[in-house]
Amino acid sequence: MGTPLPEGIVAVVKADCPTCRLVTPVLAELRAAGVPLTVYTQDDPAFPEGLDPVDDSDLDLSVALDLDTVPTLVKVEDGAEVDRIVGWSRPHWEKFTGIEGLGDGLPEMRPGCGSLSVDPAVIERLAARSTGLRSRRLELARLEDEAEAFFERGWTDGLPVVPPTPARVLRMLEGTTRAADEIVASVGPDFADCTVEKAAVNAVMAGCRPEYFPVVLAAVEAACTDEFNMHGLLCTTWFSGPVVIVNGPIATGIGMNSGVNAMGQGNRANATIGRALQLIVRNIGGGRPGEIDRSTLGGPGKYTFCFAEDEANSPWEPLSVERGFPERTSTVTLFAGDGPRGMCDQKSREPESLARSMAWQLDSVWHPKLAMLTDAVLVVSPEHARVFREAGWSKARLRERLLELTTKPLSEISAGAQGCAEGMTIQAGGVKDALGSPVGDGAGGDDVLIPKFFPDGLLIVHAGGKAGLFSAVIGGWARGAIGSVPVTREVKQ
Amino acid sequence: MSPAVDSDVRIYLDPTSERTAITRSLAERPASLEGKVVGLLDIIKPRGDVFLDRLETLLTERGLRTLRFRKPTFTKVAPVDLRHEISTKCDVIVEALAD
């Protein structure tokens, strides 16, 4: 509290409370009896008349005293509270003040009313004020539709958002130990600093629960690295957006879906974590479709694309372990990807046969005749994973085989081959990858073998429902230093 | 009613960066390219070099001096050193966006 409590007795009242009005004559009796009395009033600064009330309509004193009820009498000695009573009770007031015969003609007792400082209508404002949230305040009149107000300001992804009241943002901030004013990342395309508080505002809007918030923060950090290149990903004419893959105990801890319909709708954590990241890119980074976001067709994943790996039933080590984190570490892996493309193989019971099916689907990423351009995530479902488990194929073996199967002679995939103008071109000095490095012997003869993917660009995860001999390929955007490198970050509480 | 208890107003927090974009005017265009150094910036999109090669030939035929520059990748903002170099060495710049 800014000012010390006045010595003697402090009474806090409000005009809107019948008990406060009832005790007004008693307060006058105390004043007349020479009791050092200071009256604070929460609503009408003129009430109670004749007692020189102090205006507490900003509720500073009421909050500082942590009042629940008015009237409250507080006894102050040496600037500190030593005792308090609430409501009206003749014997209590007499004992508290040491004066007999108070309130002649009044009923023996009356309970008090709620203090305005705990009124739901103002508590959010008080909470925000007392905790130093720095975001600009938006005031809406009661008759304004809050959902419409957020659409009109361009702050949504096209779906309604949860209105970010100070109280909701404060609850979101309870989900992390990080300070509200700490900077999480510089968010492209505007490269604006995103504080923990601003991330929380957008996480509220996305519909997150506070326990999801550490995952959101880790995803923002990962997305806004130079390697992941959120800026370029947002601006591209290609379809991709940030795909968030969650590993470790936090995934099950917050109830993420890694099973039936893992990449689909219906799970709050999956849906809102990915959405929060996209809202942050939109609202903090300034990435809006039609402006800096120039995607030709876009994709539904640009609303949200987030799922967890099913580690418990996987035949393989989790993606996070493969990417260098200790087991049971919670992580997010960000991948610049399109929507999932399904692949069916209901007949293969041998790993080689199944790998061939997967390789054909991987061939289709971007274009069957374009190679060395992109990465991909292969999401292996439980029924397909069983084939590899029973045959003893490690993840590394599957990846190696897929890299072999997707490698093609130039004669098959060169521009113009097979009656199609699109394809790989032989540049001066032979076949080069996107960064200008020679491929094969560099000579570019028809028999030079061109790999579709690179070993570090083929991610394999295990997810999905227990039924269905279907897996999925998530095609990538431009790979490597040209475009985006997958980035994994630990989720810290 | 005092402001603190005005229940007719609801408060929300602004989700944006709260930054205001700076409006910059375009640099003045030269009336003629006579005696100017023309920068040619390739963002490394496919066939951007084809376009710039042709432009370079045409400009050189007119007796103009050209300088070639190359972004490391079209997906990222040009490095600050490259932007600085272009601004100090060139009078005008042509950027080949290719798409």
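**Close-up views of a predicted two-chain model**

**View 1. Chain B and its secondary structure.** Chain B contains two helices and four strands. The model shown here and in the following views is predicted. Of its 99 residues, 13% count as buried. When contacts in chain B between residues at least 6 apart in sequence are considered, 75% of them join residues at least 24 apart.

**View 2. The side of chain A that touches chain B.** In this region, 43 residues of chain A are in contact with 22 residues of chain B. Several elements of chain A each supply at least two residues to this side, namely α4 (120-131), β10 (137-141), α6 (166-173), α7 (196-206), α9 (230-235) and α11. By class, the residues on the chain A side comprise 22 nonpolar, 11 polar and 10 charged.

**View 3. Strand pairing between the two chains.** Strands of a sheet pair through backbone hydrogen bonds, in either a parallel or an antiparallel sense. Here β10(A) and strand β1 (residues 9-13) of chain B run antiparallel and are joined by five bridges. Within this pairing, R137(A) stands opposite L13(B) of β1(B).

**View 4. Helix α11 of chain A.** Helix α11 spans residues 268-283 of chain A and has 16 residues. From its first C-alpha to its last, α11(A) reaches 21 Å, which is close to the 22 Å expected at 1.5 Å a residue. Because 15 of its 16 residues are buried, α11(A) is largely enclosed by the rest of the structure.

**View 5. An open sheet of five strands in chain A.** The strands follow the order β3-β2-β1-β5-β6, and their pairing is mixed. At the edges stand β3 (54-55) and β6 (80-86) of chain A; each has a single partner strand, so one side of each is left without a neighbour in the sheet. Strand β1 (residues 8-13) and strand β2 (residues 37-41) of chain A pair in the parallel sense over five bridges. In this pair, I9(A) has L37(A) of β2(A) as its bridge partner.

**View 6. Helices lying across the sheet.** Helix α1 (residues 18-32) of chain A lies across β1 and β2 of chain A and runs at about 155 degrees to β2(A). Helix α3 (residues 90-97) of chain A lies across β1, β5 (72-77) and β6 of chain A, with an angle of about 160 degrees to β6(A).

**View 7. The packing of α7 and α8 in chain A.** Two packed helices are described by the angle between their axes and the distance between the axes. For α7(A) and helix α8 (residues 213-223) of chain A, the angle is about 115 degrees and the axes are 11 Å apart. The crossing of α7(A) and α8(A) is right-handed. From α7(A), the contact is made by V196(A), A199(A), A200(A) and A203(A), while α8(A) provides F213(A), V216(A), L217(A) and V220(A). By class, this contact has eight nonpolar, no polar and no charged residues.

**View 8. Strand β20 of chain A and two partner strands.** Strand β20 (residues 470-478) of chain A is mostly covered, with eight of its nine residues buried. Strand β15 (residues 331-344) of chain A pairs with β20(A) in the antiparallel sense over six bridges, and R341(A) stands opposite V473(A) of β20(A). Strand β16 (residues 374-380) of chain A also runs antiparallel to β20(A), joined by five bridges, and V377(A) stands opposite I474(A) of β20(A).

Notes. Residues numbered from 1 in each chain as written. Chains lettered and ligands numbered in written order. Predicted model: local features only at pLDDT ≥ 70, side-chain atom pairs only at ≥ 80, totals over all residues. Expected span 1.5 Å × (residues − 1). Buried ≥ 20, exposed ≤ 12 C-beta atoms within 10 Å, placed from the backbone. Contact = placed C-beta atoms within 7 Å. Nonpolar A, V, L, I, M, F, W, Y, C, P; charged D, E, K, R; others polar. Pairing = 2+ DSSP bridges. Axes fitted to C-alpha atoms, helices over the stretch in contact; angles between N-to-C directions. Left-handed = near helix turned anticlockwise from the far one by under 90°.
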